[in-house]
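Hi,

Here is the structure I promised to hand over. Have a look at it first, then read on for what turned up.

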Amino acid sequence: MAAIDSAGTGAFLSVSAIFLTRSVGLSVAQVGLGLGCGAAVGLFTTVPVGGLADRYGPRRVLVGVSLWRAACYVVYPFVTSFATFAALVCVLGLVNEVAAPMEQAMVSRAVPPDDRVHTMAVMRSLRNVGFTVGVLLGGVALVADNWTAYAIVLFANAASFVILAVIAVTLPLAAATGSARARREISLKVLADRPFLVLTGINAILTLHMPLLSVGIPLWIAEHSHAPRAIVGPLLVVNTILCITLQVRASRGSDSPPGAARRLRQAGLALAVCCLLLALLPRLGMVPAIALLVAAMVALTGGELWQSAGGWGLSYALARPGQEGAYLSMFSLGAAVQQIAAPVLVATVVQVGTVGWVGLAALVAVTGLIAPLTATWASRSMRPERSDESLCETAA
């Protein structure tokens with residue numbers, strides 16, 4: 001599921017902006033506005049749709065979401081104006097962000113608790129492989145540069161979601177426990193769980209590695225360094241290779257809240273090192289600048305690997321029994337909010353310069369350092385409910 005999903009997504013992302021601007025004729029501003037509208041819709045629907053999994057099971061929700069997305073991408077090639085594009089991405093946005101937490105919920109039912117983080121790590125490694133393959137396939141369409149080539153990629157992405165739904169239907173899952181079955185309901189109590197919401201925010205801040213990789217580092221190199229702009233490509237290759245080869249190892253010890261919180265602390269410190277190294281970049285000549293950029297990319301990738309592992313471990317461990325769908329969706333939603341706001345923050349840091357990078361380093365370092373304290377707070381808030389759960393199972 002992970003490999004097929006990411007291959008389709010990689011192919012789509014490599015051609016979508018070019019298709020919309022060259023074949024449909026939209027401006028860059030219109031593309032950005034439409035995507036922003038779709039993302040905004042997801043902010044309001046992700047947790048309620050995720051809550052459906054607590055009532056009907058993650059399999060049914062994931063199958064429905066996958067077929068919904070497939071239908072949207074079948075329509076995508078026939079977008080002809082900004083109005084139809086905005087309408088389509090908003091319809092897609094209704095379910096787009098809930099797919100990832102539903103796959104995570106499926107993992108919780110497909111493998112034993114001690115193997116969940118490890119499985120997510122393996123899946124993420126495969127996602128990087130699949131995404132790379134998808135980007136390469138999308139590159140073929142970019143060479144052809146016509147509507148037909150782009151439409152084939154879009155239809156292929158739609159087909160990937162159909163295949164994902166078929167796999168989800170056939171995947172063997174463990175039955176819910178007696179207590180979980182008794183409590184299966186659509187609940188939004190996660191919105192009142194303050195410790196979990198704070199941890200969601202902490203995790204969201206530490207996902208800044210994504211806009212740093214896609215926006216911050218390329219802009220900083222282009223505008224404020226003596227390094228050649230072409231170095232961006234090899235740096236992305238370094239990141240991809242490290243993610244594929246080291247994600248499983250970086251996830252070890254993240255199965256418990258303390259271990260997962262330590263990973264978030266390591267992520268914050270690693271990202272802080274990356275930011276401080278980037279702050280030094282304008283002062284260096286070409287060769288030292290290239291060496292520093294490689295070191296900064298290694299630090300950023302470490303932050304990325306540890307943040308992913310810590311996020312999986314905490315979201316699994318701190319999700320309330322019987323409400324896993326809503327909790328995992330909320331945790332994932334934090335990263336979605338970051339994807340909307342963080343590019344602006346990172347672009348501002350680039351404009352401010354050295355002081356901005358030092359400030360960003362302080363932000364991520366402090367965020368990582370408070371993660372263990374917040375995880376302890378969240379774990380303590382769960383104890384009464386965990387005790388009640390155990391009593392119910394004993395009585396049953």
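One term before we start: contact means heavy atoms within 4.5 Å. This is a predicted model, where local features need pLDDT of at least 70 and side-chain atom pairs count only at pLDDT 80 or more, while totals for chains, interfaces and linings use all residues. Residues are numbered from 1 along each chain as its sequence is written, and side-chain values use heavy atoms, leaving out hydrogens and water.

Let's begin with Leu278. Leaving aside neighbours within four places in sequence, Leu278 is in contact with Ile217, Trp220, Leu292, Leu293, Ala296 and Trp357.

"Buried" here is under 20% relative accessible area, exposed is over 50%, and partly exposed is in between (1.4 Å probe, protein chains only). That core has 55 residues, and Ile221, Leu278, Leu293, Leu300 and Trp357 touch the most other members. Helices H9 (194-206) and H10 (209-224) are among those that each supply at least two residues of this core. Apart from it lies another core, of 24 residues, including Ala70 and Tyr150.

Now the whole chain. The protein chain has 15 helices and 0 strands; these are DSSP runs numbered from the N terminus (helices are H or I, at least four residues; strands are E, at least two). Of its 396 residues, 49% count as buried. The C-alpha atoms fill a box of roughly 70 × 45 × 35 Å along the principal axes.

Next, is Arg124 buried or exposed? Arg124 counts as buried, because its relative accessibility is 16%. It sits in helix H6 (residues 116-144). Not counting residues up to four places away in sequence, Arg124 touches Cys243, Gln247, Glu304, Leu305, Ser308 and Trp312. Arg124 and Ser308 are 184 residues apart in sequence, yet 9.0 Å apart in space, C-alpha to C-alpha.

In helix H3 you'll find Val74, which is partly exposed because its relative accessible area is 40%.

Cheers

Methods:
Core = buried A, V, L, I, M, F, W, Y, C linked by side-chain atoms within 4.5 Å.
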